[in-house]
Amino acid sequence: PLLPFELQTRVDSLAWEGLSHLYKSVSEYEKAVRAMEAALCVPELRTGDDRDFTVAANQFGFMWTPRFYKPSYVRLVKWLLTHFDCEPLGEMAHIERGKGTRVSDYATHGIPFVRTTSLTNFGIDPFPDHYASEDIEELFEQPVGDGDILFSIEGKIGQVAYLTTEDTCVFKNHIELVRCNGGVNSMFVYLILAGLLGKAQADKNTVVQATLPGMASRLRTMLIPIRPKNVSEQANFECSTAEAVRVGLEASAERVIAVKKLREASSLVDHALEELAS
């Protein structure tokens with residue numbers, strides 16, 4: 001159906017403006033992740049040829065995956081514990097798993113229903129495949145807010161999204177919500193999880209059950225560096241990580257603008273088509 005040319009022009013302008021802000025947001029997020037890794041001086045993760053290695057039987061504990069003891073991962077965690085005071089994520093944040101769904105829980109419009117495929121571009125897809133009605137949102141009891149983090153524990157394991165004021169959603173059981181306590185900055189934690197330290201620890205803690213890889217509850221054990229053990233490095237650490245957080249928050253602000261403009265363009269088209277149909 002052809003909409004009035006003036007409306008087409010308005011939609012075209014909004015869509016391109018929205019995409020411009022979205023591209024800038026992604027670029028700024030990438031910059032922020034690199035800045036955080038530079039601030040931490042994260043070593044390169046050498047995968048090398050460590051395909052065969054020996055592990056003492058008493059080291060296995062409850063972990064059932066050889067990757068938990070893969071030398072490249074072990075070196076990274078040892079480096080982290082040697083140079084930084086760290087805390088498990090479960091001690092600095094409330095972590096809540098999403099809920100299972102039925103097909104009848106889905107709607108064609110409403111609140112974004114986030115699946116692992118919806119975690120993209122450092123946030124969630126503003127136009128997902130499925131939505132939830134307000135009744136389902138109330139039933140799920142999953143209030144999300146600005147600064148919350150969504151983390152995929154199955155499928156796209158390690159994929160993370162930083163939620164903004166425009167990202168009200170409900171999320172499936174393949175995803176966990178991370179809400180930081182007042183003593184830690186959520187963007188700081190997000191940039192750690194989105195970078196090499198987060199990706200490597202997620203891979204390290206992944207177990208393949210039948211054909212489906214998953215982390216179970218191990219997100220809570222992932223280590224977050226708090227401060228360098230060397231006191232002389234702490235001032236520079238605070239300054240450089242604060243700059244990375246600042247860039248990350250700028251990226252988040254750009255995303256808010258992008259989503260608003262893209263959704264406005266979509267709404268204009270929907271309303272115009274409804275009028276044509278009536």
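Strands E3 (residues 111-114) and E9 run parallel and are joined by 2 bridges. Two strands are taken as paired if DSSP finds at least two bridges between them. Helices (H or I, at least four residues) and strands (E, at least two) are DSSP runs, numbered from the N terminus. Within this pairing, Val114 has Phe171 of E9 as its bridge partner. The two strands belong to an open sheet of 3 strands, ordered E6-E3-E9, with mixed pairing. Its edges are strand E6 (131-132) and strand E9 (170-171), each of which pairs on one side only.

The model is predicted: local features need pLDDT of at least 70, side-chain atom pairs count only at pLDDT 80 or more, and totals for chains, interfaces and linings use all residues. Residues are numbered from 1 along each chain as its sequence is written, and side-chain values use heavy atoms, with hydrogens and water left out.

**Salt bridges**

A salt bridge is defined here as a side-chain nitrogen of Lys or Arg within 4 Å of a carboxyl oxygen of Asp or Glu. By this rule the structure holds 12 salt bridges. Three of them are listed below.

| Pair | N to O distance |
|---|---|
| Asp85 and Lys229 | 3.2 Å |
| Arg97 and Glu154 | 2.9 Å |
| Arg246 and Glu243 | 2.6 Å |

Asp85 and Lys229 form a salt bridge. Asp85 is in strand E1 (residues 84-88), whereas Lys229 is in the loop between strand E13 (223-228) and helix H7 (234-277), so this contact ties together parts that are 144 residues apart in sequence. Accessibility is classed by relative accessible area: buried means under 20%, exposed over 50%, and partly exposed in between (1.4 Å probe, protein chains only). Asp85 is partly exposed at 27%, and Lys229 is partly exposed at 42%. A network of salt bridges links Asp85, Arg227 and Lys229.

Arg97 and Glu154 also meet through their side chains in a salt bridge. Because Arg97 lies in strand E2 (residues 93-97) and Glu154 in the loop between strand E7 (149-152) and strand E8 (160-162), the pair ties together parts that are 57 residues apart in sequence. Arg97 is partly exposed at 35% relative accessibility, while Glu154 is buried at 14%.

The salt bridge between Arg246 and Glu243 lies in helix H7, where the two residues are 3 residues apart, about one turn of the helix. Arg246 is partly exposed, with 37% relative accessibility. Glu243 is likewise partly exposed, at 37%.
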